Amino acid sequence: MPKVFPHRSPASHGLMLHAASVFSGAARKSMCIAGISVLAACTTVSNVDARRDGHLILTSKARWSIISWNHVKNVGLKRAAAYCKAQNAQYHLVAVHTEGVWGATDQVVEVVFDCF
């Protein structure tokens with residue numbers, strides 16, 4: 001019976017593992033960015049409006065019922081804070097009102113805030 005010698009080249013083997021780990025790291029980053037982009041595209045935020053009581057308001061809404069309430073709320077809060085920052089003012093949260101049932105209906109979050 002002939003002897004079979006496995007091909008063992010430590011230098012090339014290490015290079016292959018390194019290349020594979022770099023590729024898998026790049027693939028993970030790309031998948032993560034794609035996932036975040038999909039979630040961001042699934043949430044819409046209205047323009048900032050003034051209420052009669054003087055507070056500002058915006059509405060954040062999920063386009064699909066599978067988007068979590070927490071994500072929809074965070075998108076609205078970040079947009080409100082960015083609005084105040086663009087006005088060179090300090091952001092102050094007044095209230096958060098929610099509507100919807102996760103997995104059954106669209107999530108809607110109203111953010112009431114002030115800019116001082």
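Reader: Why does Cys84 count as buried?

Author: The relative accessibility of Cys84 is 0%. Buried means under 20% relative accessible area, exposed means over 50%, and partly exposed lies in between, with a 1.4 Å probe and protein chains only. Since 0% falls under 20%, Cys84 counts as buried. This is a predicted model, in which local features need pLDDT of at least 70, side-chain atom pairs count only at pLDDT 80 or more, and totals for chains, interfaces and linings use all residues. Side-chain values use heavy atoms, leaving out hydrogens and water, and residues are numbered from 1 along each chain as its sequence is written.

Reader: What makes Cys84 and Cys115 a disulfide?

Author: The distance from S to S is 1.9 Å. A disulfide is a pair of cysteine sulfur atoms within 2.5 Å, so the pair of Cys84 and Cys115 qualifies. The rule gives a count of one disulfide. The link is left-handed, with -80° about the S-S bond. Cys84 sits in helix 2 (residues 69–86) and Cys115 in strand 5 (residues 108–115), so the link joins distant parts of the chain, 31 residues apart. Helices (H or I, at least four residues) and strands (E, at least two) are DSSP runs, numbered from the N terminus.

Reader: Why is Cys115 classed as it is, and why Cys42?

Author: Cys115 has 24% relative accessibility, so it counts as partly exposed. Cys42 has 3%, so it counts as buried.

Reader: How do you know which elements the chain contains?

Author: The DSSP runs come to two helices and five strands. In sequence order the pattern is α-β-β-β-α-β-β.

Reader: What makes a group of residues a nonpolar core, and which members touch the most others in the largest one?

Author: A nonpolar core is a set of buried Ala, Val, Leu, Ile, Met, Phe, Trp, Tyr and Cys residues joined through side-chain atoms within 4.5 Å. The largest one has 13 residues, and Leu58, Ile67, Val72, Ala80, Val111 and Phe113 touch the most other members. Strand 3 (56–62), helix 2 and strand 5 each supply at least two residues of this core. Helix 2 gives the most, with four residues. In soluble globular proteins, nonpolar side chains tend to be buried together.

Reader: What does Leu58 touch?

Author: Contact means heavy atoms within 4.5 Å. Leaving aside residues up to four places away in sequence, Leu58 touches a list of residues including Val45, Val48, Ala80, Val111 and Phe113.

Reader: Why is the pair of Tyr83 and Phe113 called edge-to-face?

Author: Rings of Phe, Tyr and Trp (its six-membered ring) pair if their centres lie within 6.5 Å; planes under 30 degrees apart count as stacked, over 60 as edge-to-face, and the rest as tilted. The count by this rule is two aromatic pairs. The centres of Tyr83 and Phe113 are 6.2 Å apart and their planes stand at 75°, so this pair is edge-to-face. Tyr83 is in helix 2 and Phe113 in strand 5, so the pair ties together parts 30 residues apart in sequence. Tyr83 has 30% relative accessibility and counts as partly exposed, whereas Phe113, at 0%, counts as buried.

Reader: What makes the pair of Tyr91 and Phe113 tilted?

Author: Tyr91 and Phe113 have 50° between their planes and lie 6.0 Å centre to centre. Tyr91 counts as partly exposed, at 25% relative accessibility. Ring pairs link Tyr83, Tyr91 and Phe113 into a cluster.

Reader: What makes Asn88 stand out, and where does it lie?

Author: Asn88 has a positive phi of about 55° although it is not a glycine. Most residues other than glycine have a negative phi. Asn88 lies in the loop between helix 2 and strand 4. Its relative accessible area is 75%, so Asn88 is exposed.

Reader: Where is confidence lowest, and where is it highest?

Author: pLDDT is the predictor's confidence in each residue, from 0 to 100. Confidence is lowest in helix 1 (residues 10–41), at a mean of 50, and highest in strand 5, at 97. Over residues 14–19 the pLDDT is below 50, and this stretch has zero contacts in the model beyond near neighbours in sequence. For the chain, the mean pLDDT is 77, and 65% of residues reach 70 or more.
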